[in-house]
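I opened this notebook to keep track of what I looked up. The entries follow in the order I made them.

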Amino acid sequence: MARHLICPSSLLLRHGFTDPWQPKGSWITMLKRVSHRFHKNYKSGPSSLPRLLDVRGMSNLPEKVVYGGPKSQSPWKRITLNHLATKYHKGEPITMVTAYDYPSAVHVDNAGIDICLVGDSVGMVVHGHDTTLPVTLDDMLLHCRAVSRGASRSLLVGDLPFGSYEESKEQAVASATRLLKEGGMDAIKLEGGTRSRVIAARSIVEAGIAVIGHVGLTPQAISVLGGFRPQGRNAASATKDAGCFAVVLECVPSPVAAAITSSLQIPTIGIGAGPNCSGQVLVYHDLLQMTQHPHHAQVTPKFCKAYGNIGIAINEALCKYREDVVSQKFPSAAHTPYRIDQSSVETFISELSKRGLGKAAQAAAAAAENDNKSGEPRISTLPD
């Protein structure tokens, strides 16, 4: 693989390139022009030049990249902490939805959601665990990277999973740093308002990483609580004192949530905490009713409103596909695009026969005849 020096777009714009990603001439020509301008404008020597990024040029990328991250179709700009603070002070509700992979991140991003949370709830709704406890930091990093490729405008927040920050403040900072450096997150979220959790949150904030607190029902505490039960209602102020820029209130009575929201100077994001919080968050799979089986019906929270019935649509589509395959309705001519002209078919069949592959030749002839009877495909692959 070749290694190339690629200039940040801001530097190219600064030095007169109106469209840095479509420069006139080759990349080498462009770099020569940039280098000349840099040396002209920064005469104190190369050490004072703006830093160039040394990255690998991937030789195996297709010409038209589909999954490399689409440009967001939404009209909103990239969300930052300043944007959230502005909305909070104006009294505008903040929206948050979970996402765990590239497709869900694209959906959340294009819907204009403010915060995209890569929650450790991935262990339950994606990996099929009964709790969030089995989720590891490596699991979270995998999902965070996928989400970061799909979301270009939402503020990205990654959950610190159980066991990744309780041991010491050094462990907490190291884990949070990995979510930003390796996972592509903008901030992290951690549960609880106990003394050790507050120390962890404060240490992470002091390390320069933005933190969202989480109190009320804290699923990672299931071992101590003996089940999913709300607790720690007086911990919200502790998370604010630790430097958190927001706090999630889960399964907190509405009057309590309203009192907490009015007393804190940071946004509260409610989930089952009534309408008086600064914003709301729901799990992607829950609000879309993605999963259709008895277990999921039992664990879907009572506070969740269904904004779609995607699970039933998925199940119906899969059943229809199975039926079409079994009845040989699929693939039809419309979905058999790879054709060869008649002369090529005859040559192919003749060559098979010469090699003593009579059965294969018969099969090829029958398939060609069926293609001719079935009609043209939706998209032709034959040359003009």
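The model I am reading is predicted.

**Entry: backbone**

I looked up Q328 and found it in the loop between α14 and α15. Q328 has a positive phi of about 60°, although it is not a glycine. Most residues other than glycine have a negative phi, so I wrote this one down. Is Q328 buried or exposed? Its relative accessible area is 72%, so I list Q328 as exposed.

The loop between α14 (310-326) and α15 (342-354) also holds P331. I checked the peptide bond joining F330 and P331, and that bond is cis, with omega about 0°. Most peptide bonds are trans.

Q289 came up next, with a positive phi of about 50° although it is not a glycine. I place Q289 in the loop between α12 (284-287) and α13 (294-299). Its relative accessible area is 29%, so Q289 is partly exposed.

**Entry: salt bridges**

How many salt bridges does a search of the whole structure find? I have 9 on record. Side chains of opposite charge can pair when their charged atoms come close.

I looked up R78 and D186, which form a salt bridge with the closest N and O atoms 2.8 Å apart. R78 is partly exposed at 32% relative accessibility, and D186 is partly exposed at 29%.

I then turned to E351 and R355, whose side chains meet in a salt bridge at 3.1 Å, N to O. E351 has 34% relative accessibility and counts as partly exposed. R355 has a relative accessible area of 62% and is exposed.

K373 and E369 form another salt bridge, and I noted 3.2 Å between the closest N and O atoms. Why are K373 and E369 separated by about one helical turn? Because they are 4 residues apart in helix α16 (residues 358-374). K373 counts as exposed at 66% relative accessibility, while E369 counts as partly exposed at 45%. I also found D138, R178 and E182 joined into one network by salt bridges that share partners.

**Entry: strand β4**

I followed the side chains along strand β4 (residues 115-118). I115 and L117 point one way, C116 and V118 the other way, and all are buried. In a regular strand the side chains alternate between the two faces of the sheet. Buried here means under 20% relative accessible area.

Which strands pair with β4? Strand β3 (residues 94-98) pairs with β4 in the parallel sense over 3 bridges. M96 stands opposite I115 in β4. Between β3 and β4 the chain crosses through helix α4 (residues 102-110), and I recorded this β-α-β crossover as right-handed.

Strand β5 (residues 155-159) also runs parallel to β4, joined to it by 4 bridges. I looked for the bridge partner of I115 in β5 and found L155.

Key: Residues numbered from 1 in each chain as written. Predicted model: local features only at pLDDT ≥ 70, side-chain atom pairs only at ≥ 80, totals over all residues. Heavy atoms only, no water. Helix = DSSP H or I, 4+ residues; strand = E, 2+ residues; numbered from the N terminus. Buried < 20%, exposed > 50% of the residue type's maximum accessible area, 1.4 Å probe, protein only. Salt bridge = Lys/Arg side-chain N within 4 Å of Asp/Glu carboxyl O. Pairing = 2+ DSSP bridges. Right-handed = clockwise from strand over helix to strand, strands pointing away.
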